[in-house]
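User: I'd like to learn how to read a few features off a model. Could you walk me through some?

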Amino acid sequence: MLFMQLSGVSSLRDISTGLRSATGNLNHLGLSKAPSKSALSYINANRTHEVFEDLYFELLEKFTPSVQRGRAYARRLKRKIFIMDASIIPLSLSLFDWAQYRTHKGAVKLHAVLDYDNGLPSYAVLTDGKTHDVTQARATAFPSKSVLIIDRAYVDYEWLNNLDSSGVFFVTRLKSNADIQVVETFLTDEKHQHILSDQDIRLTGFKSSKKYPKNLRVVRVYDQQNDKHLVLLTNNLSWTADTISQLYRARWDVEVFFKHLKQIFRVKSFVGTSPNAVRIQMWCSMIAMLLISYLKSKADFKWHLSNLIAFIRINLFVKIDLWKWVNKPILENANSPPQQTLFS
């Protein structure tokens with residue numbers, strides 16, 4: 001299944017024949033022969049996906065110290081930062097009849113909590129497409145004094161109040177229909193012209209005020225890149241307005257993660273139709289993402305993730321020193337003849 005993710009093949013037959021074509025190279029993987037198509041199908045249906053889930057988190061624990069991006073902004077806060085979001089994985093309802101999403105559409109939903117330090121999920125779960133983002137968020141625990149960055153879809157005042165009571169700081173967006181009362185207005189810094197206003201507020205809606213009775217902070221920001229005005233909501237009343245805006249900007253990391261997962265790895269077409277097979281393939285795609293991110297972080301060469309996986313596919317069974325190749329993928333020919341001009 002990992003060979004499928006790294007090589008880019010899209011069927012059980014291609015996996016089997018692709019591994020067979022590797023001939024003697026399989027010996028280095030501890031395999032005497034390539035599995036048949038029927039054997040792969042049986043394993044996908046009967047081997048629990050929890051094996052692959054556990055393997056991902058074992059590898060994450062082993063490789064995370066090496067994948068740290070060392071962001072100065074995160075170090076200044078001296079807090080653990082998490083980014084939570086969910087993404088729909090469309091499925092054909094005629095093939096995946098168990099994945100009912102809408103009347104004529106099937107889907108599953110990947111819920112992920114990214115660790116801001118390494119850009120990889122520290123928690124992930126695959127549910128049916130109908131599961132609301134907040135439903136899964138309520139079942140997720142976060143350490144005290146950590147920071148959680150979430151989109152507006154997660155704004156549930158009762159859950160946000162529970163986060164605040166647990167000592168968790170959150171940064172999200174205020175709903176457009178929220179009834180609020182301004183408690184205090186603060187002067188903005190001229191150095192940060194994208195900050196339009198900074199206010200402490202209190203919810204005044206009948207239900208929302210009961211669910212969250214404490215003060216909140218609202219920072220209005222102008223996003224020049226997308227030409228949008230954002231109204232950010234947080235329970236931290238002491239950070240600077242620019243810190244809050246930069247934190248919400250970091251939410252883009254989870255969008256990049258889902259984009260890479262869908263564009264670079266095999267999560268749009270599945271080689272099995274059972275719920276177990278779909279989960280196995282999803283966890284294998286995240287294992288592949290983890291391994292490629294580890295190589296990228298350790299390499300001297302400045303790789304882009306898409307370029308690295310493309311070059312790996314070309315050299316997947318080439319017998320070369322992996323670390324030498326990752327550090328210097330393009331070798332210069334020292335014995336090449338001197339270049340001649342056109343009229344020499």
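Analyst: Let's go from the whole chain to single residues. This is a predicted model, where local features need pLDDT of at least 70, side-chain atom pairs count only at pLDDT 80 or more, and totals for chains, interfaces and linings use all residues. Residues are numbered from 1 along each chain as its sequence is written, and side-chain values use heavy atoms, with hydrogens and water left out.

User: How many helices and strands does the protein chain have?

Analyst: Helices (H or I, at least four residues) and strands (E, at least two) are DSSP runs, numbered from the N terminus. Here the protein chain has 13 helices and 10 strands.

User: What share of the residues is buried?

Analyst: Buried means under 20% relative accessible area, exposed over 50%, and partly exposed in between (1.4 Å probe, protein chains only). Of the 344 residues in the protein chain, 45% are buried.

User: Why does Glu-50 count as partly exposed?

Analyst: Because its relative accessibility is 45%. Glu-50 belongs to helix α4, residues 50–67.

User: And Lys-296, which helix is it in?

Analyst: Lys-296 sits in helix α11, residues 275–298. Lys-296 is also partly exposed, because its relative accessibility is 35%.

User: Which residues does Lys-296 contact, beyond its neighbours within four places in sequence?

Analyst: Contact means heavy atoms within 4.5 Å. With those neighbours set aside, Lys-296 touches Trp-303, His-304, Leu-305 and Leu-308. As for Asn-327, 31 residues away along the chain, its C-alpha atom is 9.3 Å from that of Lys-296.
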